[in-house]
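Here is a short report on one protein model and its ligand. Look over the sequence and the structure first.

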Amino acid sequence: MKLFIDTANVEEIKNASKLGIISGVTTNPSLLAKTGRKLDEVIEEITSLVDGPISAEVTEADADTMYNQAHDLVNEIKSDKLTIKLPMTDEGIKVCKRLSKEGIKTNVTLIFSLPQAILAMEAGATFISPFMGRMDDYYDDTEAGYRLIEEISQVKEKYSYSSKIIAASIRNVNHVKQAALANADIATIPYKVLLEMYHHPLTKSGLEKFKLDSGK
Ligand code: G3P
C-alpha cells in the first residue's frame with residue numbers, strides 16, 4: 001500500500017519527504033485554510049517537494065465553473081503531478097468524466113458508500129477517496145470505514161476498474177492497518193499519524209536492551 005501525506009502544511013511535507021516513504025500528497029480546503037495561503041501557491045511549492053500525485057480540490061459547485069476552475073489550476077501549476085480533487089456530486093462526476101477524457105488526473109472525494117464509488121469509477125476517476133474516520137463517527141462503529149473500503153475494493157477487482165482507492169480521513173494507526181487489510185491502494189495519512197506508525201513499545205524496550213547489552 002502506498003503512503004500519501006494528508007496535509008497542506010509545507011513544513012510537514014518537507015519533513016515527511018525526508019522519511020523516504022511518501023508517494024503523494026492530498027490537500028483539501030480545510031487543510032488549506034489552516035495555512036492561510038493560496039491554493040495555487042501551496043500546490044506549486046508542494047510539486048517541487050514530492051515526486052508523486054498532488055491533489056488540489058476545486059470549490060465551485062456547478063460543472064462548468066468547476067471545470068474552468070480545474071483548468072485554471074492545470075494552466076497555473078503546469079505539472080503532471082497535479083490531481084484535481086472533485087466532490088462526490090452529480091456535477092463533480094460530470095467534471096470527472098470530462099477531465100478523465102482529457103487525461104487530467106482526478107480524485108473524487110467525500111465517498112461514503114459503494115454506489116458513490118461505482119459512479120466515480122465509471123466516470124474514470126484516477127483516484128477515489130472513501131473517508132474512514134468520518135464513516136466510523138457517523139455509524140458509531142470502528143469498522144464502518146474498513147467495511148466500506150473492503151466492499152469498494154472487491155467491486156473494483158471484480159469489474160477491473162482502474163481507479164486507485166485512497167483511504168482518507170485516517171485518524172490513527174489502526175485506520176492504516178484497516179486500510180491495508182481492506183486492500184486500499186493508498187492511505188493518505190496526517191503527519192502526526194505517520195510518525196506514530198514508527199512506534200511500538202516493544203521496539204523501544206528491545207532497543208534499550210540491545211543498547212545496554214552492547215555496552216553503549
Ligand atoms: O483525507 C480527508 C481528510 O483530510 C479528512 O479528514 O479527519 O477531517 O475526517 P477528517
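## The shell around the ligand

By class, which residues make up the shell around the ligand? The shell has two nonpolar, three polar and three charged residues. Here Ala, Val, Leu, Ile, Met, Phe, Trp, Tyr, Cys and Pro count as nonpolar, Asp, Glu, Lys and Arg as charged, and the others, Gly among them, as polar.

The residues around the ligand are Asp 6, Asn 28, Phe 131, Arg 134, Ala 168, Ser 169, Arg 171 and Thr 188. Each has a heavy atom within 4 Å of the ligand.

## How the model is read

This is a predicted model: local features need pLDDT of at least 70, side-chain atom pairs need 80 or more, and totals for chains, interfaces and linings use all residues. Residues are numbered from 1 along each chain as its sequence is written, and side-chain values use heavy atoms, without hydrogens or water.

The structure holds 13 salt bridges (a side-chain nitrogen of Lys or Arg within 4 Å of a carboxyl oxygen of Asp or Glu). One of them joins Glu 11 and Lys 14, at 3.5 Å from N to O. Both belong to helix α1, residues 10-18 (a DSSP run of H or I, at least four residues, numbered from the N terminus). Glu 11 and Lys 14 are three residues apart, so about one helical turn separates them.

Conventions:
Helices (H or I, at least four residues) and strands (E, at least two) are DSSP runs, numbered from the N terminus.
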